[in-house]
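Please look over the structure shown here.

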Amino acid sequence: MARTVNPIQDRTRRAGLEKAAYLALYERGYAGVTLANIAEHAGVSRGTLVYHFGSRAGLLSAVMRRFTRTITVATRRALRQAETPDAKLQAFVENQFYGVQNTQRFYTVSLDFLAAATRDPELMAVQRDFLGQTLELDLELARLAGEDGAGARARQLRALVEGLSVRFLADPAPDLAAYRADCLGGLRAILDWD
């Protein structure tokens with residue numbers, strides 16, 4: 001008799017597996033993580049991972065889609081809830097640097113994934129989806145200073161955030177408040193706010 005799959009339980013199971021894979025990616029890096037490592041981290045068999053995701057690449061693509069979508073949705077929600085332009089900027093910065101451990105983990109995995117994506121079209125598609133999502137948010141912020149030049153400002157905003165995040169990763173003792181303040185100051189300068 002065929003097994004009946006409950007879609008809610010299946011989504012919950014996949015989400016748990018993706019989280020375990022994310023943590024394994026952080027610990028071992030994209031090149032070093034295997035399905036066996038992830039299965040051990042999740043407390044399941046490799047077959048369970050293959051059943052849900054098809055392959056290592058399928059699992060790691062799902063992981064990055066989930067976590068980039070999570071960041072984008074949280075940032076979009078924070079921007080919507082902020083009532084003033086300055087509050088929007090602050091909400092954006094807080095979502096880009098959202099705790100030392102979480103920020104380090106996310107940017108470490110993201111950069112490792114990006115490096116792998118330069119050699120894998122499937123992974124690059126995931127990266128391009130994320131860039132499209134962030135562009136929407138960046139444009140929303142850039143338009144706070146008007147429509148003229150919004151595209152250039154959006155690219156500058158993203159470059160600032162990504163540059164600071166790389167510095168954050170390399171910093172042996174990152175001061176979260178200082179990085180947030182630097183990011184906020186840089187965003188204000190790009191938007192030509194005093």
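The paragraphs below take up a helix, an arginine in another helix, and an aspartate.

This is a predicted model. Start with helix α5, which runs over residues 85-96. Its twelve residues should span 16 Å at 1.5 Å a residue. The C-alpha atoms at its ends lie 17 Å apart, which agrees with that expectation. Seven names make up the buried list of α5: K88, L89, A91, F92, V93, N95 and Q96. What covers these buried residues? The cover includes α4 (56-81) and α6. It also includes α7 (121-142), α8 (150-170) and α9 (176-190).

Move on to α6, one of the helices in that cover. Helix α6 takes in residues 100-117, and R105 sits within it. Is R105 buried or exposed? Its relative accessibility is 15%. Buried means under 20%, so R105 counts as buried. Leaving out residues up to four places away in sequence, R105 touches Y22, L23 and Y26. Take Y22 from that set. Along the chain, R105 and Y22 are 83 residues apart, yet their C-alpha atoms are separated by 9.0 Å.

Now go to the segment after α9, where D192 is placed. Helix α9 itself is part of the cover over the buried residues of α5. D192 has a positive phi of about 65°, although D192 is not a glycine. Most residues other than glycine have a negative phi. Is D192 buried or exposed? Its relative accessibility is 66%. Exposed means over 50%, so D192 counts as exposed.

Terms used:
Residues are numbered from 1 along each chain as its sequence is written. This is a predicted model: local features need pLDDT of at least 70, side-chain atom pairs count only at pLDDT 80 or more; totals for chains, interfaces and linings use all residues. Side-chain values use heavy atoms; hydrogens and water are left out. Helices (H or I, at least four residues) and strands (E, at least two) are DSSP runs, numbered from the N terminus. Buried means under 20% relative accessible area, exposed over 50%, partly exposed in between (1.4 Å probe, protein chains only). Contact means heavy atoms within 4.5 Å. The expected span of a helix is 1.5 Å times one less than its number of residues.
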